[in-house]
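Morning, everyone. Please bring up the model on your screens, and we'll walk through it piece by piece.

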Amino acid sequence: MNKAVFLDRDGVINRVEPGKYVNKAEDFKVLPGVIGALKRLKKLGYLIIIVTNQAGICLGKVTDQEVKAIHEHLKKGFEKFGIAIDAIYVCPDYSSDRKPKLGMFVKAIRDWNIDIKESYVIGDSLSDLVAADTLGCRSILVKSPLSPTIAANLLEASKVIENETKNSNNR
Ligand SMILES: [Mg+2]
């Protein structure tokens, strides 16, 4: 059996802005450190599998063909660094494939003979973590403009609220 790292796309591999859809390869900005991270994971023997919700397709914000073109561009870009993305699963709508539902993961596990207990999910949103939890898989949350805030403890959480309250009062 194989072990895999399932990666969310937006906010993990590329920069995200709330409410914006990436529909051109030029707008797909790979985040710092991604190349090094993927090289490390490959060296450790993990399959790299991207699992991405792209409901913008069914909403008409981006076409299926545009998403495919972006992913071809992405794969070619990583190949230049000697990194092979093993697979990319896209959910274009609100079906049972959409994270936190497990459709894409179930397909990937079957297609690649994956041992989920040896695998990880890395994402920037709770839907990624909920999927991992349901699968019984380890997960790691990365920070993005769309991710929930993580505080070291309640004191730090209260400071986050204090800052945000003051900022919203100043508007
Ligand atoms: Mg994301």
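First, a term: helices (H or I, at least four residues) and strands (E, at least two) are DSSP runs, numbered from the N terminus. Residues are numbered from 1 along each chain as its sequence is written. The model is predicted, so local features need pLDDT of at least 70 and side-chain atom pairs count only at pLDDT 80 or more, while totals for chains, interfaces and linings use all residues.

Start in the loop between β3 and α3, where P100 sits. The peptide bond from K99 to P100 is cis, with omega near 15 degrees. For context, most residues other than glycine have a negative phi, and most peptide bonds are trans.

Now phi. N113 lies in the loop between α3 and β4. N113 is not a glycine, yet has a positive phi of about 50 degrees. Is N113 buried or exposed? A residue is buried with 20 or more other C-beta atoms within 10 Å of its own, exposed with 12 or fewer, and partly exposed in between; C-beta atoms are placed from the backbone. N113 counts as exposed, because it has 10 C-beta neighbours inside 10 Å.

Next, the strands. β2 covers residues 47–53, runs parallel to β3, and is joined to β3 by five bridges. Two strands pair if DSSP finds at least two bridges between them. Within this pairing, I49 has A87 in β3 as its bridge partner.

Y89 is partly exposed, because 16 other C-beta atoms lie within 10 Å. What does Y89 touch? Leaving out residues up to four places away in sequence, Y89 touches I50, V51, M104, K107 and A108. Contact means C-beta atoms, placed from the backbone, within 7 Å.

Last stop, helix α4, residues 126–135. Here D128, L129, A131 and A132 are buried. They sit on the same side of α4, because they cover an arc of only 160 degrees around the axis. That arc is taken from the directions from the helix axis to the C-beta atoms. The cover over the buried residues of α4 includes α3 (103–112), β4 (120–123) and β5 (138–141). Just after α4, G136 takes a positive phi of about 80 degrees.

Conventions:
Two residues are in contact if their C-beta atoms, placed from the backbone, lie within 7 Å.
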